[in-house]
Amino acid sequence: MIAVDRGRYTCVLDGPDTRVTAMRARELGRKSVVVGDRVSLVGDTSGAPGALARIVRIAERRSVLRRTADDDETTAEGRLERVVVANADQLVIVTALADPPPRTGFVDRCLVAAYDADIEPLLCLTKADLAEPAAILDYYAELDLPYVLVRPDSDLGELRERLAGRVSVLVGHSGVGKSTLVNRLVPEADRAVGTVSAIGRGRHTSTSAVALPLPPASGDTDPGWIVDTPGVRSFGLAHVSAESLLHGFPDLVEGTVDCPPNCEHTAGEAECALDAWVAAGNADPRRLQSYRRLLASRAGETE
Ligand SMILES: Nc1nc2c(ncn2[C@@H]2O[C@H](COP(=O)(O)OP(=O)(O)OP(=O)(O)O)[C@@H](O)[C@H]2O)c(=O)[nH]1
Ligand SMILES: [Zn+2]
């Protein structure tokens with residue numbers, strides 16, 4: 001399933017590129033169908049105009065990228081855990097090097113979400129014509145975080161290579177150049193660039209994810225798919241346990257071996273070993289700060 005709009009699901013058949021519109025069959029019960037799901041269809045699967053098939057089964061998911069929708073923390077609804085994309089292989093974190101400047105807090109959140117979903121992260125640094133990547137690369141120096149640089153005139157060969165044969169989810173803040181990048185990768189996608197106003201956003205624009213097939217590459221390598229996520233402006237992590245949160249910070253893991261049992265690693269833990277570990281120069285203090293900020297935001301405190 002590659003897109004959903006008001007209860008109508010667009011599915012692509014295996015083999016020939018046929019697009020079929022479908023609705024949920026009653027037997028699915030309350031199970032939700034999300035972009036990336038592999039589904040079984042019955043009924044009219046011809047793809048002809050007006051034809052409507054039914055989704056009767058969702059295959060077991062290989063990976064599940066989740067977020068807690070924390071756009072409204074005051075209601076139970078707002079803290080609902082939602083599946084963003086099923087069966088993704090890679091999370092492409094799109095960050096501009098300038099205009100707007102990189103927000104490592106956002107990247108750190110994305111990394112936690114990626115490790116939690118067990119999918120690989122890729123840092124995609126846009127606007128490399130405006131600033132150097134040294135500072136942000138230094139911040140992630142301890143992580144084996146793959147990255148690509150993108151500028152308006154750069155050839156996207158390296159990025160396409162990293163996207164080939166897999167399903168990659170693109171996330172990024174407004175203005176980082178994600179739509180520009182999607183349009184360059186998939187010219188026929190025609191995603192709106194820099195036109196969405198702050199007010200119009202959310203209410204009138206589609207906020208659900210959509211999967212786009214990358215254009216055929218030379219040879220018969222599978223070029224892969226990208227999933228654009230216009231509605232994902234943050235990754236609420238309330239559903240991630242404190243232990244899993246640490247997986248987003250592999251550079252800090254070793255520092256916790258000397259912690260007392262059940263240490264929560266928060267700033268309030270007098271005996272947390274992370275402070276000494278960082279003070280001894282084993283990790284970047286900003287990484288510990290970021291980790292603790294995420295711990296605190298999970299606990300419901302504001303960032
Ligand atoms: N200098 C420079 N500008 C860029 C680059 N990529 C995108 N831009 C500009 O940055 C602005 C924002 O680009 P968008 O593609 O709309 O950014 P977005 O991340 O999709 O943001 P929303 O549309 O708000 O979701 C536009 O004016 C682009 O022309 C780049 O590599 N270098
Ligand atoms: Zn600790």
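This is a predicted model: local features need pLDDT of at least 70, side-chain atom pairs count only at pLDDT 80 or more; totals for chains, interfaces and linings use all residues.
Residues are numbered from 1 along each chain as its sequence is written, while chains are lettered from A and ligands numbered from 1 in the order in which they are written. The chain splits into domain 1 (3–58), domain 2 (64–228) and domain 3 (242–298), with bounds from an automatic or database domain assignment.

**The five-strand sheet**
- Five strands make an open sheet with mixed pairing, ordered S1-S2-S3-S5-S4; strands are DSSP runs of E, at least two residues, and helices are runs of H or I, at least four, numbered from the N terminus.
- Strands S1 (3–5) and S4 (39–43) sit at the edges with a single partner strand each, so one side of each has no neighbour in the sheet; pairing takes at least two DSSP bridges between two strands.
- From one strand to the next, the twist averages 40 degrees (axes are lines fitted to C-alpha atoms, for helices over the stretch in contact, with angles from 0 to 180 degrees between N-to-C directions).
- S2 (residues 8–12) and S3 (residues 19–24) pair antiparallel over four bridges, and tyrosine 9 has alanine 22 in S3 as its bridge partner.

**The six-strand sheet**
- Here the open sheet runs S10-S9-S8-S11-S13-S12, again with mixed pairing.
- S10 (147–149) and S12 (210–213) are the edge strands, each pairing on one side only.
- The twist averages 25 degrees from one strand to the next.
- S9 (residues 120–126) pairs with S10 in the parallel sense over three bridges; cysteine 124 has valine 148 in S10 as its bridge partner.
- Helix H1 lies across S8 (90–96), S9 and S11 (167–172), at about 175 degrees to S8.

**Where domain 2 meets domain 3**
- Eleven residues of domain 2 are in contact with twelve of domain 3 (C-beta atoms, placed from the backbone, within 7 Å).
- H1 (residues 104–117) gives the largest share of the domain 2 side, eight residues.
- H1 packs on H8 (residues 285–298) at about 70 degrees, axes 10 Å apart.
- That makes the two helices roughly perpendicular, a label for angles of 65 to 115 degrees.
- On the H1 side, the contact uses Thr104, Gly105, Asp108, Arg109 and Val112, and on the H8 side Ser290, Arg293 and Leu294.

Note on methods. Two residues are in contact if their C-beta atoms, placed from the backbone, lie within 7 Å. Angles under 35 degrees count as roughly parallel, over 145 as roughly antiparallel, 65 to 115 as roughly perpendicular and the rest as oblique.
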